[in-house]
Amino acid sequence: MALLSLQNLHKAFGGPLLLDDATLQIECGERICLVGRNGEGKSTLLKIVSGFIEPDSGEIIRQPGLKVRRLRQNVPHDLTGTVEALVFQGLEDPHDDWTSHQSVDKAVSLVGLENGWKFEELSGGQKRRVLLARALVCDPDILVLDEPTNHLDIESIQWLENFLGRYKGTLLFVTHDRTFLRKLATRIVEIDRGRLHNWACDYDTYLKRKQALLDGEAEQWTQFDKKLAQEEVWIRKGIKARRTRNEGRVRELEKMRSSRSQRRERTGSVNMQLTEAGLSGRKVITAKNISYDYDGLPIIGNFSTGIMRGDKVGIIGPNGCGKTTLIKLLLGELQPMSGTVDHGTKLEVAYFDQHRATLDETQTVAENVCTEEFITIGNVKKHVLGYLQDFLFTPDRARQKVGVLSGGERNRLLLAKLFTKASNVLVLDEPTNDLDAETLELLEELLANYEGTLLLVSHDRSFLNNVVTSTLVFESEGQLNEYPGGYDDWLSQRQAALGTRQQKDTRQPAKQKVTRKLSNKEREELATLPKLIEQLEAEQEALHQAMADPAFYQKTKNEIADETARAEAIPKKLEEAFERWEELESL
């Protein structure tokens, strides 16, 4: 029996159906990624699964006692208190007893935090871990994640990836991070025009099959419309239309008309176009030995770089390390404490702000782009409402205030506003948050064809790989290094550099260690590790089930303590076994 079964659900909020006869079954242990364009209803479906909203019609069948917990997209701004207190709130029936505190301790330890830490003093990634622990503390059957990587730096994203990769529960998640999706999803469920479609394959195979399906649908509709047009010509001519022997053809035409009227077209794709200024000088930005401190802490130390016309430079580093500060130094908005920054000639800069500060909440969508009725893009004059339709804003939506927009809509509006300005230097600070995969790919293509110079801050590894030609990486306090290529290129170069340094440090023994063959004892150990991992996981599951039974706490105090200690020790043993397995397989 499925953990959760959704049967023929319908849901709308005054417009077209977000869910139209939608059906989905979630089985134990699955990691399902829900994909679809912005506004298709992904978050709505997650809320229905989590029990926050009800469908307009349809049936939801849950296993008795099913526990579902949802990790929301954004961290609430009003949360305060210790990690322990906040995680305690996630218990189904919290009591100040030994069992409740054991559950909290286990959840906090699982995500690598400490009970006494204050929530308001944590980093964004650590705050997300607190919320994850609060969701996990009741040992949910289904964990629902809505854009879990949003606003996380790469290190935090990788931690989350590794954690969820080892997590044995059932996952239902939405993400725009394609690398995250590729690494975690065991099944893809697409929401398209209200219907749910199951794709039992990896993401890249899904993309190919989906495109083939859309191509087939387009061809089928073309043939249908052609036949319908022919039949409309026939009926209008009135040739024998009312004769008895042609009534069947008339009825068939009525069916075709009805079928055509019920067809639900896909929302059009974003049509983004950059307005490019004339060429800048060959040298765009030259930084020599620049340094910058904040409250005595080194942000950038003795860094030099030369950015040439046409370069596409990615900037990588943990949240708070100084990426935005670096951009401001390179653009001349901040002055370095030492060193110099020189600009080339004829620079026209357009800047995308990750904090959305350039949107006026009191104005409409259209007014944020242009206060006039018409706007000039390049050499073409367009009505502002027509221009915004290229970014998927209907005329009605374009007349609404910015305050009602979703995160994805705000990002599209910022891009629409940015692209009205002619530029030959484009600065994008986290442009990918809240954008669906299709819009991301269109933006990638646009930037790849951009003839100007690009500075890009992003935690989206696929986006970096597909766009940039070099990367500037914050690798330690004040240490900023430059590498050719994208994110994966940086990883391989860093690993090669680390390997070289290790070989120099340990000389010949390290080299022999890397290239040697496994000993007989190590081969035997490698062969037994999968079985050991399987046994540990089975024991862990058995202990969790036993501890969930009220009868468990009728045992003696020593028995309870021993089994609890064993349950707490198993995760570390599992991690050690996995690490040893990887180590032996890499030799």
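**A close look at the aromatic rings**

Mentor: Let's start with Y167, which counts as buried at 14% relative accessibility. Here buried means under 20% relative accessible area, exposed means over 50%, and partly exposed is in between, using a 1.4 Å probe and protein chains only. F163 is buried too, with a relative accessible area of 6%. Before we go on, a word on the source: this is a predicted model, where local features need pLDDT of at least 70 and side-chain atom pairs count only at pLDDT 80 or more, while totals for chains, interfaces and linings use all residues. Residues are numbered from 1 along each chain as its sequence is written, and side-chain values use heavy atoms, leaving out hydrogens and water.

Searching the whole structure turns up seven aromatic pairs. One of them joins F163 and Y167, whose rings are stacked, 6.5 Å centre to centre with 15 degrees between the planes. For such pairs, rings of Phe, Tyr and Trp (its six-membered ring) need centres within 6.5 Å; planes under 30 degrees apart are stacked, over 60 edge-to-face, and the rest tilted.

R70 lies over the face of F52, 5.0 Å from the ring centre. Likewise, R412 lies over the face of F393, at 5.2 Å from the ring centre.

Technical notes:
A charge sits over a ring if NZ of Lys or CZ of Arg is within 6 Å of the ring centre and within 35 degrees of the ring normal.
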